[in-house]
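Here are some friendly notes to read with the model open beside you. Take the points in order, and find each residue on screen as you go.

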Amino acid sequence: MDNLQARGHLLTEQVNPNSHNLDRLSSLELVDLFNQEDRRTLEAIAASRLQLAQAVDITTEALRQGGKLFYVGAGTSGRLGVLDAAECPPTFCTPSDLVQGIIAGGAGALVRSSEDLEDRFEDGSQAIASRHITNLDVVVGITAGGTTPYVHGALEAAKQRGAKTIFITCVPVDQFSVEVDVDIRLVVGPELLAGSTRLKAGTVTKMALNILSTGVMVGLGKVYGNRMVDVAVKNTKLRDRALRIIEDLTELSRDEATKLLNKSNDSVKLALFMHWSGLEKEEGDRILSEYQGNIRAALQEVGKIGD
């Protein structure tokens, strides 16, 4: 475990020469410096494009076969994983357990510091066991500095159970290596505030998780064109969005779109399929289910082709 404890050499712990006088900058100079440094996040995503695409493909196939996606992290990394998981049900109407976030310290660590718990390798292993993770699942270990024992405990336990494993970190492989199915290195350099990985490292991690989860949901047919057709109609804002999607894609009036959405029991995807296929709710729902909710595939089945 010595290599997990020695951290001074890690890129995320080093001092950024561009911010040596951070405490003497004007507010505008500080904002400009942040803006300059944050460009590194786009470069890091571009440099990891092949690995991100591989992660999307592996995860999409796993979920298509009945698996689940788990994010594991501590501190900022853990909170970002929980956030991405929590946003999947309202955005894509997924079951609450399809994408899950696991954070060292549990729910309480979302609102108060529990950084001491990240050092417990065995807790990460136990978190995997308690969720009964299997070879159908995908486990994404997130750790900015690459060394968090809790995350490595989770990854090791996941591999022992046959799950696919993905590693997301902000240090190069020569500073810390790990055996996983997909190794994503988001190298953004030292932080403006030395060691504060909630900054560039946090930003680039959020970007990567946005790409991963959205890419997976596109692959699962939860998007039509660039519309979130599986949106959960849970409030006024989301109902308005649902109606606008139907109006835009069908050229129906607001009243007609409302009637169609009501007939589909607030399912935008089913409403669209009913309109384009000419089928009633029960038959449309049956065919959509046969094609795992993929509108384009279901339209081909009934001899219709979506735009």
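Is tryptophan 276 buried, partly exposed or exposed? Point 2 has the reply, after a word on how to read the model.

1. **Ground rules.** This is a predicted model, in which local features need pLDDT of at least 70 and side-chain atom pairs count only at pLDDT 80 or more, while totals for chains, interfaces and linings use all residues. Residues are numbered from 1 along each chain as its sequence is written, and side-chain values use heavy atoms, with hydrogens and water left out.

2. **Tryptophan 276.** This residue counts as partly exposed, because its relative accessibility is 21%. The scale works like this: buried means under 20% relative accessible area, exposed means over 50%, and partly exposed is in between (1.4 Å probe, protein chains only). Tryptophan 276 sits in helix H10, residues 268-277. Helices (H or I, at least four residues) and strands (E, at least two) are DSSP runs, numbered from the N terminus. Leaving aside residues up to four places away in sequence, tryptophan 276 touches Tyr224, Leu249, Thr250, Ile295, Leu299 and Lys304. Contact here means heavy atoms within 4.5 Å. For a sense of distance, valine 216 is 60 residues from tryptophan 276 in sequence and 25 Å from it in space, C-alpha to C-alpha.

3. **The rest of helix H10.** Now look along the helix: H10 is mostly covered, with eight of its 10 residues buried. Those buried residues are Val268, Lys269, Leu270, Ala271, Leu272, Phe273, Met274 and Ser277. What do they pack against? Their neighbours are helix H8 (236-250), helix H9 (254-263), helix H11 (281-290) and helix H12 (295-301).

4. **Strand S3 and its neighbours.** Strand S3 (residues 138-142) is mostly covered too, as five of its five residues are buried. Val138, Val140 and Ile142 point one way from S3, Val139 and Gly141 point the other way, and all are buried. S1 and S3 run parallel and are joined by five bridges; two strands pair if DSSP finds at least two bridges between them. You can check one of these on screen: tyrosine 71 has valine 140 in S3 as its bridge partner. S3 also pairs with strand S4 (residues 164-169), again in the parallel sense and over five bridges. There, valine 139 stands opposite threonine 165 in S4.

5. **A crossover to trace.** Follow the chain from S3 through helix H6 (residues 149-160) to S4, and you have traced a right-handed β-α-β unit. A crossover is right-handed if, with the strands pointing away from the viewer, the path from the first strand over the helix to the second runs clockwise.

6. **Salt bridges.** Side chains of opposite charge can pair when their charged atoms come close. The rule used here asks for a side-chain nitrogen of Lys or Arg within 4 Å of a carboxyl oxygen of Asp or Glu, and the count comes to 17 salt bridges. One of them joins lysine 68 to aspartate 97, with the closest N and O atoms 3.0 Å apart. Lysine 68 is in the loop between helix H3 (49-64) and strand S1 (69-73), and aspartate 97 is in the loop between helix H4 (75-92) and strand S2 (99-103), so this pair ties together parts 29 residues apart in sequence.

7. **Two more pairs to find.** Arginine 254 and aspartate 240 meet in a salt bridge at 3.1 Å, N to O. This pair links distant parts of the chain, with arginine 254 in helix H9 and aspartate 240 in helix H8, 14 residues apart. Both belong to a network of salt bridges linking Asp240, Arg244, Glu247 and Arg254. Glutamate 290 and arginine 286 also meet in a salt bridge, at 2.4 Å, N to O. They both lie in helix H11, four residues apart, about one turn of the helix.

8. **Cysteines.** How many disulfides does the structure hold? It holds zero, where a disulfide is a pair of cysteine sulfur atoms within 2.5 Å. Cysteine 88 is buried, at 1% relative accessibility, whereas cysteine 93 is partly exposed, at 43%.
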